[in-house]
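Q: Could you take me through how the parts of this structure pack together? I would like to begin with the helices and then turn to the strands.

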Amino acid sequence: MQIQPAMVLRCSACGNFMYMITRGSGWSWLAVFWTDGMVAAGKSVGDPKLAVCPHCKTLHWTESLEKQGEVHCAEQVWEDGRKTLLCSLPSVKDYRSLLGNGVTGTRERDARVGLMWKYNDQRRRESSKAPGPSTAERENLVALARILDEEAGGALLLKAEIMRELGRFTDARTLLKRSPAGGDPELREAIDRLSRAGDTRVRKIDRHLHHR
């Protein structure tokens with residue numbers, strides 16, 4: 001299966017190559033949108049902020065890695081006969097370690113969003129019997145809601161989704177009313193509908209991929 005485009009990065013720890021999926025105009029038609037803001041195709045998340053090198057297992061902020069160019073299919077030979085390998089996504093332990101080390105600002109936000117997504121992965125299958133947010137999940141959601149900049153694009157919708165997942169449905173709908181009308185109508189409708197239904201689970205959003 002072709003995956004395109006994919007950005008090749010060089011690991012600053014071991015020097016080997018990895019690639020991450022980007023949400024460009026040629027991205028896979030298999031992309032799935034979720035109410036918590038994650039966009040994924042298969043096991044790949046588009047434009048991950050954090051990634052683990054598949055060669056040496058070092059955790060990186062992707063923005064800090066040296067970009068090598070794009071490839072258009074998985075695991076293709078890049079340089080010196082070495083293959084690029086798909087970067088791995090951080091584990092719950094990785095995210096919690098970063099947060100425990102005191103990251104701040106946008107990096108704290110990105111780590112908490114990533115942790116939210118990772119926790120929600122256990123509930124993405126329709127058949128999942130996983131329970132609602134644990135104490136640790138709820139603590140992360142509350143901390144994320146607290147640091148979101150409500151003036152930034154999409155922040156109010158994300159905060160509304162957090163309130164919904166916490167079971168605070170009235171708060172979720174109040175935030176939806178405050179969010180800009182021209183934002184993301186499909187996400188807004190999904191959060192509103194699920195809040196009215198008393199549903200706290202992360203859900204797919206039924207829509208086509210919007211090209212950037």
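A: The conversation below covers a helix pair, a sheet and some ring contacts. Please note that this is a predicted model.

Q: How is a pair of packed helices described in the first place?
A: Two packed helices are described by the angle between their axes and the distance between the axes.

Q: At what angle do the axes of H2 and H3 cross?
A: Helix H2, residues 105-120, and helix H3, residues 135-147, cross at roughly 145 degrees, and their axes come within 10 Å. The crossing of H2 past H3 is left-handed.

Q: Which residues in H2 and H3 meet?
A: On the H2 side, the residues include Arg112, Leu115, Met116 and Tyr119, and on the H3 side they include Asn140, Leu141, Leu144 and Ile147. The residues of this contact between H2 and H3 comprise 9 nonpolar, 1 polar and 4 charged.

Q: Now the sheet: in what order do its strands lie?
A: The order is S5-S4-S3-S12, in an open sheet of 4 strands with antiparallel pairing.

Q: Why is one side of S5 and of S12 left without a neighbour?
A: Strands S5 (44-45) and S12 (204-205) stand at the edges of the sheet, and each has a single partner strand, so one side of each lacks a neighbour there.

Q: How many bridges join S3 and S12?
A: Strand S3, residues 32-34, pairs with S12 over 2 bridges in the antiparallel sense. Trp34 stands opposite Lys204 in S12.

Q: What sits over the ring of Trp34?
A: The charged end of Arg124 does, 5.0 Å from the centre of the ring.

Q: And how many aromatic pairs are found in the whole structure?
A: The search finds 0 aromatic pairs.

Terms used: Residues are numbered from 1 along each chain as its sequence is written. This is a predicted model: local features need pLDDT of at least 70, side-chain atom pairs count only at pLDDT 80 or more; totals for chains, interfaces and linings use all residues. Side-chain values use heavy atoms; hydrogens and water are left out. Axes are lines fitted to C-alpha atoms, for helices over the stretch in contact, and angles run from 0 to 180 degrees between N-to-C directions. A crossing is left-handed if the near helix is turned anticlockwise from the far one by less than a right angle, and right-handed if clockwise. Contact means heavy atoms within 4.5 Å. Ala, Val, Leu, Ile, Met, Phe, Trp, Tyr, Cys and Pro count as nonpolar, Asp, Glu, Lys and Arg as charged, and the others, Gly among them, as polar. Rings of Phe, Tyr and Trp (its six-membered ring) pair if their centres lie within 6.5 Å; planes under 30 degrees apart count as stacked, over 60 as edge-to-face and the rest as tilted. A charge sits over a ring if NZ of Lys or CZ of Arg is within 6 Å of the ring centre and within 35 degrees of the ring normal. Two strands pair if DSSP finds at least two bridges between them.
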